[in-house]
Amino acid sequence: MASMLLTSLRSSPLTSVQAAQFAARSLSTSVHLQAQAKSKKTLAKPGVKNIVLVEGVRTPFLQSGTTYADLMPHDLARAALQGLLNRTGLPKDAVDYIVYGTVIQEVKTSNVAREAALGAGFSDKTPAHTVTMACISSNQAMTTAVGLIAAGQCDAVVAGGVEFMSDVPIRHSRKMRKTMLSLNKAKTLGARLSLLGSIRLAHLAPELPAVAEFSTAETMGHSADRLAAAFGVSRLEQDEFALRSHTLAKKAQDSGLLSDVVGFKVPGKDIVSKDNGIRPSTMEQMAKLKPAFIKPHGTVTAANSSFLTDGASAVLIMSEEKALAMGYKPKAYLRDFVYVSQDPKDQLLLGPTYATPKVLEKSGLTLNDIDVFEFHEAFAGQIMANLKAMESDWFAQTYMGRKTKVGAPPMEKFNTWGGSLSLGHPFAATGCRLVTTVAHRLQKEGGQYGLVAACAAGGQGHAMVIEAYPQ
């Protein structure tokens, strides 16, 4: 696929124009859309429950190995849940169900949703389960909540996600594990000594958590580099987009727009109240970094990639009827959503390209109807490749079975408060951040519809349409 894409897209006059337009737009980091309130149709459907986002919070997202380093995942999840309770004043026994996402599980708390809920003081009568779907795990948690409410099983569900990269499980080698399990079963001293004598130095080599796709044995960064090359995304374009992300995130942070962040008192340390990965640099400094994955000619670097992050998020989702009955003013309606899957080798990170037109069609909307876009930024090259794919009729016809392109979001509507490149990306917590940010931007900017989209490991993706709640 890569060679076909490169040949076709580079030979297309349209693509060069698109690249120039994007470069110009991405340099305009101070652009901030103040949309006028619109009177569009509502996406409410007859006979279908309105499901609302009441509130969304998150812990500060911190680079792994920093202030959260001595905690455990359920500590962060508990902090997010407690922050949600404090902000909403929600009675702890009013929640019908809790769903949490996580990617790299701590073996001691495999159902982190339950452990965090108990630690946060929720009723022990409230069921909780944990889901995993790579970087869209909390998206899956939220849509699971939507499904439970739509089915009439629940009225109030808390969803969220947590990731803790400061301390990941490291296993003994398989041979060592087999020996240790056999030792546990050995009945005689002779049998134990024989097993101990079979241990070799190589058995002691640890197994680190996989950073490569199981199905392709390729790391996501390597795939992002190939994807950028396939779509003709230059190093300059990637660095420009990364700088845009950090610049806009810094502006949003300084302006108090990141109101979903709740302070967290880390035991033995100070209260953490801000994300610590927002670091606007310069194009000159970024250009000095060497390729991180494909060396020496790759274009993906540490500066234009998201960084390993610790953090947790939580949202309160309710039926509109229940929310109003309890005296809440919802932030937004959660409308249509889709999940997609495609080739995990050459299209690993193209989830937004496949999901966006599907969710728009499902909602009866067009790209022009969307006022706010929030896409997950795994890599700058991944974002740029998706934007170019979305602007390509050839890609739509050749790979998606569509007659025409969906079009790329206007940059003045796109990730204007920063994104995963700058705010951080705790794998399973990002989805809730995206949805909450859309709700807040719709309120701030006076828009009506927002669209969230994200890629995920395994060649999967997600998109959701969010409608502003009437002010």
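Helix axes here are lines fitted to C-alpha atoms over the stretch in contact, and angles run from 0 to 180 degrees between N-to-C directions. With that in hand, take H6 (residues 174-185) and H7 (residues 189-197), which pack at about 170° with axes 9 Å apart. This is a predicted model, where local features need pLDDT of at least 70, side-chain atom pairs count only at pLDDT 80 or more, and totals for chains, interfaces and linings use all residues. Residues are numbered from 1 along each chain as its sequence is written, and side-chain values use heavy atoms, with hydrogens and water left out.

**Helix pairs**

- Helices (H or I, at least four residues) and strands (E, at least two) are DSSP runs, numbered from the N terminus.
- H6 and H7 come out as roughly antiparallel, since angles over 145 degrees get that label, while those under 35 count as roughly parallel, 65 to 115 as roughly perpendicular and the rest as oblique.
- On the H6 side, Thr-179, Ser-182 and Leu-183 meet Arg-192, Leu-195 and Leu-196 of H7, where contact means heavy atoms within 4.5 Å.
- That H6 contact with H7 splits into 3 nonpolar, 2 polar and 1 charged; Ala, Val, Leu, Ile, Met, Phe, Trp, Tyr, Cys and Pro count as nonpolar, Asp, Glu, Lys and Arg as charged, and the others, Gly among them, as polar.
- H9 (residues 235-254) and H13 (residues 380-390) pack at about 105° with their axes 8 Å apart, so they sit roughly perpendicular to each other.
- Glu-237, Gln-238, Phe-241 and Ala-242 of H9 meet Ala-380, Gly-381, Ile-383, Met-384 and Lys-388 of H13, a set with 5 nonpolar, 2 polar and 2 charged residues.
- H13 is mostly covered, with 11 of its 11 residues buried; buried means under 20% relative accessible area, exposed over 50%, and partly exposed in between (1.4 Å probe, protein chains only).
- Lys-388 is one of the buried residues of H13, and Lys-388 also takes part in the contact with H9.

**Pockets**

- On a 1 Å grid over the protein atoms alone, a pocket is an open set of points with protein on both sides within 12 Å along at least five of seven lines, and lining residues have an atom within 4 Å of a point.
- The largest pocket has a volume of about 1500 Å³, volume being the space filled by probe spheres set on the points, which are joined across faces, edges and corners.
- Its lining runs to 50 residues, with Met-165, Ala-210, Val-211, Leu-308 and Phe-427 nearest the centre.
- H8, H9 and H10 (283-287) each give two or more residues to that lining, and H9 gives the most, with 3 residues.
- By type, the lining of the largest pocket has 31 nonpolar, 15 polar and 4 charged residues.
- The second largest pocket holds about 270 Å³ of space and is lined by 15 residues, among them Lys-45, Arg-335 and Asp-336.
- E9 (332-341) and H5 (137-150) each supply at least two residues of this second lining, and E9 gives the most, with 4 residues.

**Two residues up close**

- Ser-223 lies in H8 (residues 220-230) and counts as buried at 4% relative accessibility.
- Leaving aside neighbours within four places in sequence, Ser-223 is in contact with Glu-218, Lys-345 and Leu-348.
- Val-131 is in strand E4 (residues 128-131) and, at 12% relative accessibility, is buried too.

Technical notes. 1 Å grid on protein atoms, 1.4 Å probe; cavity = no way out; pocket = protein on both sides within 12 Å on 5 of 7 lines; lining within 4 Å.
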